[in-house]
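Please examine the display before reading on.

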Amino acid sequence: MPRFPGVDYIQFDSLLSEQELLVRQTARQFVDERVVPIIREAYNNAIFPTGLIREMGELGFFGANLEGYGCAGMNSVEYGLIMQELERGDSGLRSFASVQGALVMYPIHTYGSEEQKQRWLPKLQSGAAVGCFGLTEPDFGSNPAGMRATAEKRGDEWILNGEKTWITNGSAADVAIVWARAAEGVRGFLVEKGTPGFETSDIHGKLSMRASVTSSLHFSGCVIPESYRLPGAQGLASALGCLTQARFGIGWGVLGAAMDCYETARSYTLMRKQFGDKPLAGHQLVQEKLAWMITEITKGQLLALQVAKLKEAGRVEAAHVSMLKRNNVSIALECARLSRDLLGANGIMDEYPIMRHMCNLETVKTYEGTDHIHALVIGERVTGLPAYR
Ligand SMILES: Cc1cc2nc3c(=O)[nH]c(=O)nc-3n(C[C@H](O)[C@H](O)[C@H](O)COP(=O)(O)OP(=O)(O)OC[C@H]3O[C@@H](n4cnc5c(N)ncnc54)[C@H](O)[C@@H]3O)c2cc1C
């Protein structure tokens, strides 16, 4: 049985089907048994636990909401619950699954040729191959529309030049989905590891997302056959479509980190006593923080569930996902900060998961559209006025 009791204030579980509960239980058990015992050391040593990749593949965690090619064909709620449990383990683990599923398998599944799907999806699903997604550049983060990487057509081939940076799984990837500017507009390419003219270098010194590989990708006269271009990807909107998928997973995932922080603070303050025999949890100021956390987590769960239902019904908008990502990351970060406070000095120790989650969530606040950018998406949705520039 999983050790994590879960966080359920308003009988949220009654909104889930038997199958959804079963999927969560499987992911919860995997995280309790396989991730929690090793993640502290992996994080401290800045190592991604590669030994877990095949296991996650076998459990169907990669591209879990895609159909065919060995994918599990799960619904959006099941997919979200997997992300929640993985991020309860560590944001690095959830990032790996998000990139693999939403940013690599999804574009191949959605924009790829049949040959590309047959070649890559079964391997990526099982974890036999790893993928990465290269959109961000040194000078273009929030505004990828300015990208400088180019793809020049020469006969049946494309020549890629440019640089991508902050790429999760970059140097670990067997295949990179790379977005570059062609004469016709932005196009997506599959670039295989070892292709001449394609090199990677890892980014070191991260104090966040340490159990995750982050790299730069360098392209210099890199020749890619036309058959490695994603034929259905037309313009930047195709790349942004992948990000909507990944952000949906983030919106669920960060609830796992928030739950872990909340539950750590709740159990710690019930046990720890100061000023006599009363546990910290018996003081009003402490209870106010716990009440804030459980309320925000509960609201976050309901938001995630509704967005999942809209997604299932084919009615979800990118602006809905922006609200989910922005709100849930923000409350998760605040839960981490409040929990850290409630543990006092112990709160800064790696014996507890709180500082690790807090540091990870700083990345999650920034990547896949920063908090500001999602505020602008929501602002545009409600006013009709784009305020990005
Ligand atoms: C660990 C990690 C992993 C990542 N993985 C990937 C990956 O796999 N693939 C990938 O392509 N990218 C990845 N990224 C990159 C990430 O998506 C970018 O960092 C992000 O888009 C923000 O870009 P930037 O860092 O250049 O910040 P900037 O765009 O320079 O923004 C800096 C600040 O300015 C604010 N800002 C920018 N424009 C506006 C505006 N118009 N109005 C108000 N405020 C504004 C931002 O909100 C932010 O607060 C990753 C990043 C990290 C840290």
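**Spaces and ligand in the model**

Q: How does the lining of the largest cavity divide by class into nonpolar, polar and charged residues?
A: In this predicted model, the largest cavity is lined by Asn 65, Leu 66, Tyr 79, Gly 101, Ala 102, Tyr 106 and Gln 245. By class, the lining has 4 nonpolar, 3 polar and no charged residues.

Q: Which element gives the largest share of the lining of the largest cavity?
A: A search of the whole structure finds 1 cavity of 30 Å³ or more, and the volume of the largest cavity is about 40 Å³. The largest share of its lining is 3 residues, and they come from α4.

Q: Which residues lining the largest pocket are the closest to its centre?
A: The largest pocket has a volume of about 1,300 Å³. It is lined by 41 residues, and the closest to the centre are Thr 136, Gly 141, Tyr 367, Glu 368 and Gly 369.

Q: How many residues in the lining of the largest pocket are charged?
A: The elements that give two or more residues to this lining include α4 (91-111), β3 (157-168) and α6 (236-271). Divided by class, the lining of the largest pocket has 18 nonpolar and 17 polar residues, and the number of charged residues is 6.

Q: How many charged residues line the second largest pocket?
A: The second largest pocket holds about 440 Å³ of space. Of its 18 lining residues, the closest to the centre are Val 36, Arg 88, Asp 260, Thr 264 and Pro 353. The lining of this pocket has 6 nonpolar and 3 polar residues, and its charged residues number 9.

Q: Where does the ligand sit?
A: The ligand is surrounded by 16 residues, and Thr 136 is among the closest. Thr 136 is also among the residues closest to the centre of the largest pocket. The ligand sits in the largest pocket.

Q: Which element gives the most residues to the shell around the ligand?
A: The elements that give two or more residues to this shell are β3, α9 and α10. The highest contribution is 3 residues, and the element that gives them is β3.

How values were computed:
Residues are numbered from 1 along each chain as its sequence is written. This is a predicted model: local features need pLDDT of at least 70, side-chain atom pairs count only at pLDDT 80 or more; totals for chains, interfaces and linings use all residues. Side-chain values use heavy atoms; hydrogens and water are left out. On a 1 Å grid over the protein atoms alone, a cavity is a set of points where a 1.4 Å probe fits but cannot get out, and a pocket is an open set with protein on both sides within 12 Å along at least five of seven lines; lining residues have an atom within 4 Å of a point. Grid points are joined across faces, edges and corners, and a volume is the space filled by probe spheres set on the points. Helices (H or I, at least four residues) and strands (E, at least two) are DSSP runs, numbered from the N terminus. Ala, Val, Leu, Ile, Met, Phe, Trp, Tyr, Cys and Pro count as nonpolar, Asp, Glu, Lys and Arg as charged, and the others, Gly among them, as polar. A residue is near a molecule or strand if one of its heavy atoms lies within 4 Å of it. A molecule sits in a cavity or pocket if more than half of its atoms lie within 2 Å of its grid points.
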